[in-house]
Amino acid sequence: MTNRSPRHPLLIALLRCKPVLDFIGDDPDTKPLARNIGLFQLTMLGVGATIGTGIFVALTTAVPEAGPAVTLSFVIAGITAALTALCYAEMASAVPASGSSYSYAYATMGELAAFLIGSCLLLEYGVSASAIAVGWGQYLNELLSISTGWRLPDIIARPPGAGGIVNLPAVLLVGLCLILLLRGTRESTTANAILVIAKLAVLALFVVVALAHFQPTNFHPFAPKGMVGIGAAASSIFFSYIGIDAVSTAGEEVRNPRRDLPLAIILSLLIVTAAYILVAVAAIGAQPWTEFAGQEAGLAVILHNLTGAGWPAVILSLGAIASIFSVTLVVIYGQTRILYAMGRDGLLPAFFCRVDPVRHVPRQNTWIVAIGVALLAAFVPLDVLVNLTSMGTLIAFATVSIGVIILRRTRPDLPRGYKVPFYPVLPIASTLFCAYLIFGLPADTYALFAAWVGAAALLYFGYSMRRSALAQR
């Protein structure tokens, strides 16, 4: 019998973790991103990345699945997000780095897991930005219809499979985001904060008007499709909680990351969940749930039908256009920072982490992301994009929850600006809630997701494993 090494070299390579100190060092040669984001801007980043498609667009797909019980779907999604947010808060305060769940997985689970999680994040962010951009065109058309009586022809306003050839409004939106992101992080976060305040004011207007026309009978029957429908709706809308992850992608650009990252994550989640539930209750109270199916620019249409006047719908359409712009902006920003982190670690080509010396932004990286998002938004229908994004989001969230447990065991001495309460019950509960929502996604989403992960694994073994910074050491 031959003696065998207790650990195979390949296994060592797959499980090698990046030291935490490498993430939180401040070497300007390896971390040229400028720290110029404060707590308010960071919180608005989370709100801006979350309040958008989930309430302005996806409500018209979620309500037909669950009926009036979609309010419970938002509660379930909100509880899952809340549990995960607390886990994110601890990880962000312990490892305040760009890359979000990818960086946390690299510090706790090893290189292969980190690469696969990074690929899930790229799917989550890229597809989410595309899905959001698709919805932007719907509200732009509604605004044009109300104000001028003219609409963009379907052939240039819808993707293939949805009655058109190309979604040009979505491409225009991504182009505007690209211009702003190339100007710099400070300019982008300031513009986002202004847009977030505007859309919160518009949603408040909708709630006030809709509650004035509230009909309790619209909530009967409350759950026409039972728990299956509630779970399916919760799974499909969960992608809108991507803002939690988006906050942590800014770890290396926050002035006081150990304090501000956990605070911004928790504050943004509280604002978002309250807004989602209020709007959902007001919308269903104002319109029977059976009328939501296929209703484009749903909130604007509801206001127009309730008041018989054009101005409330015009204001809401303008708010939706601003809102979806801010979500797309933040999500594209988040994806560029994940690619930046993976490029810096050697798992992707080095041009992903090259930073403009004047604007302090990854210029080439941003161009690549914008082109990819624009192509997806132009040619892929919304419903396919939404479920894929939910899958990527849930996988990332579960990873962070598990990472909290691992890091508590491997690095109990690590300074933490925040600690998850009721450890380890809360991280375990967060993981189980994510698993429940993953189970509710349709079969075709599993097939597409498996194909994506398989392609990522091939890329890792064919390129990244030998070229990573840890391998070069």
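Which residues of α10 are buried? Let's start there. One note before that: this is a predicted model.

The buried residues of α10 are Pro169, Ala170, Leu173, Val174, Cys177, Leu178, Leu180, Leu181 and Leu182. The helix covers residues 168–183, 16 residues in total. From first C-alpha to last it reaches 23 Å. That is close to the 22 Å expected at 1.5 Å a residue.

Now the ends of α10. At the N-terminal end, Asn167 is the cap. One of its side-chain oxygens lies 3.2 Å from the backbone nitrogen of Ala170. Ala170 is also on the buried list. At the other end, look just after the helix. Gly184 takes a positive phi there, about 135°.

Next, α3. This helix runs over residues 39–50 and has 12 residues. Its reach is 17 Å between the first and last C-alpha, close to the expected 16 Å. How many of its 12 residues are buried? The count is 10, so α3 is mostly covered. Gln41, Leu42, Thr43, Met44 and Leu45 are buried.

On to the second largest pocket. Its volume is about 350 Å³. The lining has 19 residues. Closest to the centre are Ser119, Leu122, Leu123, Gln335 and Trp452. Which elements give two or more residues to that lining? They are α8 (111–148), α16 (311–344), α17 and α20 (443–467). The most comes from α8, with 6 residues. By type, the lining splits into 15 nonpolar and 4 polar, with no charged residues.

Stay with α17 for a moment. It spans residues 363–379, and Asn365 sits in it. Is Asn365 buried or exposed? Its relative accessibility is 0%, so Asn365 counts as buried. Setting aside neighbours within four places in sequence, its contacts are Thr336, Leu339, Tyr340 and Phe352.

Last stop, Pro19. This residue is in the loop between α1 (9–15) and α2 (20–24). Pro19 counts as partly exposed because its relative accessibility is 37%. The cut-offs here are 20% and 50%, with partly exposed in between. Now look along the chain. Pro19 and Ala107 are 88 residues apart, yet their C-alpha atoms are separated by 6.2 Å. What does Pro19 contact, leaving aside neighbours within four places in sequence? The answer is Leu470 and Arg473.

Notes:
Residues numbered from 1 in each chain as written. Predicted model: local features only at pLDDT ≥ 70, side-chain atom pairs only at ≥ 80, totals over all residues. Heavy atoms only, no water. Helix = DSSP H or I, 4+ residues; strand = E, 2+ residues; numbered from the N terminus. Expected span 1.5 Å × (residues − 1). Buried < 20%, exposed > 50% of the residue type's maximum accessible area, 1.4 Å probe, protein only. Contact = heavy atoms within 4.5 Å. 1 Å grid on protein atoms, 1.4 Å probe; cavity = no way out; pocket = protein on both sides within 12 Å on 5 of 7 lines; lining within 4 Å. Points joined across faces, edges and corners; volume = space filled by probe spheres on them. Nonpolar A, V, L, I, M, F, W, Y, C, P; charged D, E, K, R; others polar. Polar contact = N/O pair within 3.5 Å; in protein donor to acceptor, adjacent residues only side chain to side chain.
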